[in-house]
Amino acid sequence: MNNNIEGKVVVITGASSGLGESTARHLSQLGAIVVLGARRIERITALAGELAGSTEKALAVRTDVTDSKQVQNLVDAAVKAYGRIDVMINNAGLMPHSPLERLKIADWDQMIDVNLKGVLYGIAAALPYMQAQKSGHIINVSSVAGHKVRPGGAVYAATKHAVRALSEGLRLEVKPYNIRTTVISPGAVATELPNSITEPDVAANVKKIYEVAISPDAFARAVIYAMSQPDDVDINEILFRPTLQEV
Ligand code: NDP
């Protein structure tokens with residue numbers, strides 16, 4: 001059966017844990033070639049080794065998404081190894097929540113650099129190849145925080161709202177190139193994400209929200225749903241939460 005996943009070359013940023021790692025595992029199992037980017041090279045090298053087996057259908061490339069050259073290098077490595085890029089998943093992100101009045105400017109900068117500029121760099125790296133191919137699929141990761149703002153989460157929500165705006169602009173502009181665009185907005189998913197919170201009181205509040213967190217498999221299934229549609233079907237936006245998550 002052609003699942004529209006088998007044989008596709010999929011580049012995933014933030015593939016060393018959580019949503020990215022789970023997605024790499026699921027897509028690999030369905031026959032995709034996965035190219036993994038993250039800073040923790042030992043983790044993605046081990047994952048690529050595990051997924052590739054003897055088939056050479058996985059590759060790990062050390063990538064810091066705050067550096068556009070490194071993101072370009074990740075995508076170039078995929079094309080060099082496998083001849084094309086079918087899907088770019090701009091997933092890397094972090095969430096060091098804190099109230100604005102605490103003035104954690106370094107955290108604000110980091111969220112803008114990773115969550116927003118990292119996505120832009122992913123688009124910049126993949127788009128020219130996809131335009132030339134006249135096919136491709138760019139999947140960006142927003143959040144429920146891309147739809148709702150909570151106290152303490154203003155900057156994170158700003159980056160995730162921006163990812164949705166960017167994804168909608170991209171959708172409108174890439175029609176002539178037969179490129180599909182999807183933005184996925186998860187609710188609480190059990191990953192390492194809350195570890196990026198440095199303020200103890202904020203971390204304690206977020207821990208309560210994450211008591212109902214669901215498996216990263218839920219995100220991987222959303223990616224599979226979007227990718228596996230026939231080529232003339234463009235799934236533009238997916239929002240999901242744990243059944244027990246209220247807000
Ligand atoms: P994790 O903390 O488990 O994973 C984050 C990933 O991002 C890691 O692989 C990390 O890799 C990578 N990353 C962070 N900074 C950089 C960087 N500078 N360059 C390259 N990679 C980087 O969290 P999740 O899996 O949950 O997060 C994935 C995405 O999902 C994020 O965009 C997050 O905002 C979003 N999301 C998550 C939700 C959740 O509840 N878990 C809910 C809504 C959205 P490394 O450190 O090795 O570089």
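These legends describe close-up views of the ligand site, a cavity and a pocket in a predicted model.

**View 1. Residues around the ligand.** The shell around the ligand holds 30 residues. Ser16, Arg39, Tyr156, Thr191 and Tyr210 come nearest. By class, the shell residues are 13 nonpolar, 12 polar and 5 charged.

View 2. Ser16 takes part through its side chain: one of its polar atoms is 2.7 Å from an oxygen atom of the ligand. Ser16 is also among the residues that come nearest to the ligand. Val189 takes part through its backbone, with an N or O atom 2.8 Å from a ligand oxygen atom. Leu193 also presents a polar backbone atom, and the distance to an oxygen atom of the ligand is 3.3 Å.

**View 3. Cover of the ligand and the elements around it.** On its own, the ligand has 880 Å² of accessible area, and the protein covers 96% of this. Two or more residues of the shell come from each of α1 (18–29) and α5 (154–173). Tyr156, in the range of α5, is one of the residues that come nearest to the ligand.

**View 4. The cavity.** The count of cavities of 30 Å³ or more comes to 1. The largest cavity has a volume of about 30 Å³. Pro96, His97, Ser98, Trp108, Met111, Gly152, Gly153, Ala154 and Val155 form its lining. Helices α4 (105–133) and α5 each give two or more residues to this lining. The lining of the largest cavity divides into 5 nonpolar and 4 polar residues, with no charged ones.

View 5. Among the elements, β5 (136–141) and β6 (179–186) each give two or more residues to the lining. What is the make-up of this lining by class? The residues are 2 nonpolar, 4 polar and 8 charged.

Methods. Residues are numbered from 1 along each chain as its sequence is written. This is a predicted model: local features need pLDDT of at least 70, side-chain atom pairs count only at pLDDT 80 or more; totals for chains, interfaces and linings use all residues. Side-chain values use heavy atoms; hydrogens and water are left out. A residue is near a molecule or strand if one of its heavy atoms lies within 4 Å of it. A polar contact is a pair of N or O atoms within 3.5 Å; within protein, one must be able to donate a hydrogen and the other to accept it, and residues adjacent in sequence count only if both atoms are side-chain atoms. Accessible areas come from the Shrake-Rupley method with a 1.4 Å probe; for residues, only the protein chains shown count as cover. Helices (H or I, at least four residues) and strands (E, at least two) are DSSP runs, numbered from the N terminus. Ala, Val, Leu, Ile, Met, Phe, Trp, Tyr, Cys and Pro count as nonpolar, Asp, Glu, Lys and Arg as charged, and the others, Gly among them, as polar. On a 1 Å grid over the protein atoms alone, a cavity is a set of points where a 1.4 Å probe fits but cannot get out, and a pocket is an open set with protein on both sides within 12 Å along at least five of seven lines; lining residues have an atom within 4 Å of a point. Grid points are joined across faces, edges and corners, and a volume is the space filled by probe spheres set on the points.
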